[in-house]
Amino acid sequence: EEQLKESSLPSEEQLKESSLPSSTAGDVSDTSNIKHIHSQTTSNPDGAIDNFTLVGLHACGDLGPTIIRVFSQFPNAKVLAFLSCCYMKMSCCIESANRDTIPDQCAATVALETAPAYPMSVFINKLTEGIELTYEVCEIACHATENYLKRLNEDDLKLKIHCYRAVLQIVLNKMNLGWGKKGINTFKNAHTLPFHEYATRVLIKRGLEDGLQHLEELNHESLTSQWRNVVVFFVLRLLMGPAIETLLLLDRLLFIHEQGVGECSLVPLFDPSISPRNLALVAVKHCDGQPPSVG
């Protein structure tokens with residue numbers, strides 16, 4: 001039986017000659033790296049690069065804009081298809097974007113390491129001049145609105161956790177930690193605990209025992225009694241999410257159009273209740289005015 005298994009396995013030479021997909025790892029930062037990655041996944045003896053498709057599933061942060069610019073710069077990249085996610089992890093959200101560095105034409109030839117993740121297109125750059133997208137704004141665009149609607153229609157007591165987290169932030173502010181400077185992860189069924197127990201567990205878990213004194217000084221019962229008002233505020237924030245995501249995706253779509261790629265669209269691929277980031281950006285470069293062959 002062991003001999004049969006060994007004889008049925010393809011040899012290393014057979015694998016090299018086969019058309020099976022191959023994989024490699026690399027930093028996607030410029031076209032030279034794309035050439036290196038391509039050389040690791042092709043058997044062309046002369047090193048020639050065939051036409052290829054760029055595909056990204058939930059391209060996080062700057063990866064989405066980088067894929068688009070590689071697609072624009074590389075003639076052999078004929079098809080682009082990817083879904084974005086984690087907009088708040090774009091470099092322009094983590095650090096304030098310097099609009100003075102954005103060229104008038106937002107040319108595709110800008111070095112990928114210095115090119116802005118947003119705005120990419122000339123149109124959006126001019127339309128939103130002087131307006132920057134912050135981490136908080138882009139984070140709103142990443143919520144699962146459809147799933148949250150289900151939560152509103154189910155056990156609304158679970159939504160108390162929003163108020164718990166907001167009141168806990170008061171303690172963090174007294175410790176001069178501010179927003180986002182100390183990751184706070186909740187735990188299962190946290191809403192079933194009294195706020196004082198919830199906050200104590202979180203502070204100890206994160207090594208923030210110094211906050212326990214501030215917790216004792218806080219009139220948390222009065223604050224947590226307003227949890228329904230906090231839910232209303234949270235819902236109002238969520239309503240802005242689709243508008244922000246639309247702005248980001250249209251900026252990427254318009255950038256591709258500005259590079260002369262006429263066939264480009266946003267396609268809803270998934271049920272948003274299953275995969276909230278369900279809009280795929282798809283673009284095709286035509287060769288000599290003819291659609292690429294499919295086969």
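Which residue lies over the face of F71? K285 does, at 4.5 Å from the ring centre. This report describes that contact and several others in a predicted model.

## Charged groups over rings

The contact between K285 and F71 places a lysine over the face of a ring. A second contact involves an arginine: the charged end of R69 sits over the ring of F255, at a distance of 5.0 Å from the ring centre.

## Aromatic pairs

The structure holds five aromatic pairs. One of them joins Y148 and F234, whose ring centres are 5.1 Å apart and whose planes stand at 50 degrees, a tilted arrangement. Y148 belongs to helix α8 (residues 145–153) and F234 to helix α13 (residues 227–258), so this pair ties together parts that are 86 residues apart in sequence. Are the two residues buried or exposed? Y148 is buried, with a relative accessible area of 6%, and F234 is buried as well, with a value of 14%.

Another pair is formed by Y164 and Y198. Their ring centres lie 5.2 Å apart with the planes at 40 degrees, so this pair is also tilted. The reasoning rests on the cut-offs: planes under 30 degrees apart count as stacked and those over 60 as edge-to-face, so an angle between these limits counts as tilted. Y164 is found in helix α9 (residues 160–174) and Y198 in helix α10 (residues 195–205), so the pair ties together parts that are 34 residues apart in sequence. Y164 counts as buried at 4% relative accessibility, and Y198 is buried at 1%. Together with F195, these two tyrosines, Y164 and Y198, form one aromatic cluster.

## Salt bridges

Side chains of opposite charge can pair when their charged atoms come close. How many salt bridges does a search of the whole structure find? The search finds two.

E139 lies in helix α7 (residues 135–140) and R237 in helix α13, so the bridge ties together parts that are 98 residues apart in sequence. E139 is partly exposed, with a relative accessible area of 24%, and R237 is partly exposed, with a relative accessible area of 21%.

The other salt bridge joins R277 and E245, whose closest N and O atoms are 2.9 Å apart. This pair links distant parts of the chain: R277 is in the loop between β3 (263–268) and β4 (279–284), while E245 is in helix α13, 32 residues away. R277 is buried, with a relative accessible area of 9%. E245 also counts as buried, at 10% relative accessibility. The cut-off explains both assignments, because buried means under 20% relative accessible area.

## The crossing of α9 and α13

How are helices α9 and α13 arranged where their axes cross? The axes come within 8 Å and cross at roughly 95 degrees, which means that α9 is roughly perpendicular to α13. On the α9 side, the contact is made by K160, H162 and C163. On the α13 side, W227, V230, V231 and F234 take part.

Methods: Residues are numbered from 1 along each chain as its sequence is written. This is a predicted model: local features need pLDDT of at least 70, side-chain atom pairs count only at pLDDT 80 or more; totals for chains, interfaces and linings use all residues. Side-chain values use heavy atoms; hydrogens and water are left out. Rings of Phe, Tyr and Trp (its six-membered ring) pair if their centres lie within 6.5 Å; planes under 30 degrees apart count as stacked, over 60 as edge-to-face and the rest as tilted. Helices (H or I, at least four residues) and strands (E, at least two) are DSSP runs, numbered from the N terminus. Buried means under 20% relative accessible area, exposed over 50%, partly exposed in between (1.4 Å probe, protein chains only). A charge sits over a ring if NZ of Lys or CZ of Arg is within 6 Å of the ring centre and within 35 degrees of the ring normal. A salt bridge is a side-chain nitrogen of Lys or Arg within 4 Å of a carboxyl oxygen of Asp or Glu. Axes are lines fitted to C-alpha atoms, for helices over the stretch in contact, and angles run from 0 to 180 degrees between N-to-C directions. Angles under 35 degrees count as roughly parallel, over 145 as roughly antiparallel, 65 to 115 as roughly perpendicular and the rest as oblique. Contact means heavy atoms within 4.5 Å.
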